Structures are given as C-alpha cells and as structure tokens.
Amino acid sequence: MAVANGTAALHLCTMTLGVKEGQKVITTPITFAASANCVRYCGGDVVFSDIDPDTYLLDIEKVRQLLTSSPKGTYQGIIPVDFAGRAVNLEAFRALADEYGLWIIEDACHAPGGYFTDSKGITQQCGNGNYADLAIFSFHPVKHIACGEGGMITTNNEEHYKQLLRLRSHGINKGDDQFLNDIDFANGVDGETTYPGWYMEMQQLGYNYRITDIKVRLAYRS
Ligand SMILES: Cc1ncc(COP(=O)(O)O)c(C=O)c1O
C-alpha cells in the first residue's frame with residue numbers, strides 16, 4: 001500500500017498492530033529517528049537493543065537477552081531495520097518473536113532489492129512478508145527509489161491490509177471491507193435511496209497519509 005512517506009508507513013503499522021500507552025517495543029539505535037518515533041506516536045515506549053558491530057544490524061542475541069531477562073508479555077514487538085542495503089535475518093527473528101508472542105515490523109527503507117538466505121537456502125527479499133507482519137519502505141530523495149516524498153507498506157496479512165487502507169484515509173471504509181451498518185441499498189437509509197459507491201462509513205480515527213497519484217507515476221519511472 002502506497003503512502004505519503006516512510007514515517008507515515010511506520011505510524012500506520014504501529015497503529016495497525018495496536019501499540020498503546022506504556023507498551024514496550026524493541027528497535028535498533030542505528031537507524032533514522034522514525035523507526036523509534038512510530039512507537040511514541042501511539043504512546044508506546046522504545047527500548048533500544050544493541051547492534052552486531054560486524055553487520056550494523058540488530059543483534060539477535062542481545063534481543064534474546066532482553067526478552068529472557070523480563071517476564072513474558074513485557075514487550076509487544078520488534079522493529080528490525082535492514083541497514084545500508086544489508087538485510088536482517090528475519091527467519092531467526094520470527095522464531096524468537098513467536099516464542100514471546102511478538103509482532104515484527106521490518107523497516108526496509110534502506111534495502112529495496114536486498115535479501116537474506118534462509119535456512120533452506122531460499123532467497124528472501126526484503127519486505128516479502130514471509131516473516132515480518134508488516135514491512136515498510138521510503139521513497140525519500142536519498143533512497144534507491146525516489147519520488148520527492150513517498151512510502152510503501154507490504155504485508156501478506158489481509159486483515160492488516162484492510163485496516164491500513166482505512167487508516168490511510170481518515171478511517172473511512174468506502175466498501176473495501178464489510179460495512180458496520182446493514183444498508184439495504186435498494187431502499188436506502190430513512191427511505192432515501194443510497195447508492196453503492198456513494199455510501200461510506202468512518203469507522204475509526206485515521207489520517208490523510210495517501211501518496212498523490214502524480215508521485216506514484218514518478219516512482220514507477222525512476
Ligand atoms: C531506516 C529509515 N526508516 C524510516 C525512514 C523514514 O522515511 P521518510 O523519510 O520517507 O519518512 C527513513 C528515511 O529517512 C529511514 O532511513
């Protein structure tokens with residue numbers, strides 16, 4: 001799903017995964033501010049875990065130490081960052097996250113086209129959704145694909161996708177998902193005819209985080 005920028009993408013992800021006041025999320029300190037700020041936007045607390053100095057990626061053993069030294073349920077999720085084109089081994093992070101019931105947002109802003117090789121020898125492209133719940137990209141001018149400002153979220157989870165669509169556009173459902181009201185389109189609301197396509201429901205508080213069509217075309221061309 002295309003969005004206004006990578007920061008908006010991260011914010012929509014933390015909203016979709018239900019980050020709340022006081023909940024703890026682990027990320028790396030070696031990243032851009034937005035990878036951590038997205039947790040704060042939802043009232044959550046950021047816990048930085050150190051990197052592996054050889055790869056500059058979040059050190060999974062350090063994350064494991066954090067998790068084992070606190071009661072289960074202390075942490076809600078992990079935001080690993082693919083750094084400078086180098087991809088995090090999300091297969092390993094997924095196994096650890098599952099042990100502790102955590103979600104994963106892959107910040108793949110630095111790594112479109114990047115990949116790691118999994119334990120079966122299969123190439124796993126950044127943001128392919130096989131291990132992370134959600135992944136995000138940025139199309140900021142310094143990124144590999146640029147369109148002024150822009151971003152993208154990828155997921156293989158249909159429910160997350162529907163939630164993201166609503167949150168990107170004011171929390172309004174235009175018919176991409178089930179309406180809450182049981183509208184009889186032939187006879188309408190209060191006797192007035194209601195046309196499918198014109199009927200919308202604002203189901204939750206969302207934002208205008210859409211990317212413009214003009215920028216989407218620019219990104220295609222670059
Ligand atoms: C790792 C990382 N995450 C998130 C972002 C935020 O992206 P944007 O600048 O499009 O909001 C950036 C971009 O600078 C980044 O490098």
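## Two helices side by side

The axes of helix α3 (residues 60-68) and helix α4 come within 11 Å and cross at roughly 5°. Angles under 35 degrees count as roughly parallel, so α3 runs roughly parallel to α4. On the α3 side, the contact is made by Ile60, Val63 and Arg64, and on the α4 side by Ala92, Phe93 and Leu96. Sorted by class, that makes five nonpolar residues, no polar ones and one charged one. Keep in mind throughout that this is a predicted model.

Now for strand β5, residues 103-107. Five of its five residues are buried, so the strand is largely enclosed by the rest of the structure. Trp103, Ile105 and Asp107 point one way from β5, while Ile104 and Glu106 point the other way.

What does β5 pair with? One partner is strand β4 (residues 75-79), which pairs with β5 in the parallel sense over two bridges. If you want to find this pairing on screen, look for glycine 77, whose bridge partner in β5 is tryptophan 103. Between the two strands, the chain crosses from β4 through helix α4 (residues 90-99) to β5, and this β-α-β crossover is right-handed. Another partner is strand β8 (residues 134-138), again parallel to β5, this time over three bridges. Here aspartate 107 has isoleucine 136 of β8 as its bridge partner.

## Helix α2 and what comes after

Helix α2 covers residues 34-41. Which of its residues are buried? They are Ala34, Ser35, Ala36, Cys38 and Val39. These buried residues pack against helix α1 (6-16) and against strands β2 (24-27), β3, β4 and β5. So α2 brings us back to β5, the strand with five of five residues buried.

After α2 comes glycine 43, with a positive phi near 90°. Cysteine 42 sits in the loop between α2 and β3 (45-48). Leaving aside residues up to four places away in sequence, cysteine 42 touches Thr14, Met15, Val19 and Lys20. Glutamine 23 is 19 residues from cysteine 42 in sequence, and their C-alpha atoms are 9.2 Å apart in space.

## Two loop residues with positive phi

Most residues other than glycine have a negative phi. Tyrosine 56 has a positive one, about 70°, although it is not a glycine. You'll find tyrosine 56 in the loop between β3 and α3. With 15 C-beta neighbours inside 10 Å, tyrosine 56 counts as partly exposed.

Histidine 170 is another non-glycine residue with a positive phi, near 65°. Its place is the loop between α5 (158-168) and β10 (172-173). Histidine 170 has 17 other C-beta atoms within 10 Å, so it is partly exposed too.

How values were computed
Residues are numbered from 1 along each chain as its sequence is written. This is a predicted model: local features need pLDDT of at least 70, side-chain atom pairs count only at pLDDT 80 or more; totals for chains, interfaces and linings use all residues. A residue is buried if 20 or more other C-beta atoms lie within 10 Å of its own, exposed if 12 or fewer, and partly exposed in between; C-beta atoms are placed from the backbone. Helices (H or I, at least four residues) and strands (E, at least two) are DSSP runs, numbered from the N terminus. Two strands pair if DSSP finds at least two bridges between them. A crossover is right-handed if, with the strands pointing away from the viewer, the path from the first strand over the helix to the second runs clockwise. Axes are lines fitted to C-alpha atoms, for helices over the stretch in contact, and angles run from 0 to 180 degrees between N-to-C directions. Angles under 35 degrees count as roughly parallel, over 145 as roughly antiparallel, 65 to 115 as roughly perpendicular and the rest as oblique. Two residues are in contact if their C-beta atoms, placed from the backbone, lie within 7 Å. Ala, Val, Leu, Ile, Met, Phe, Trp, Tyr, Cys and Pro count as nonpolar, Asp, Glu, Lys and Arg as charged, and the others, Gly among them, as polar.
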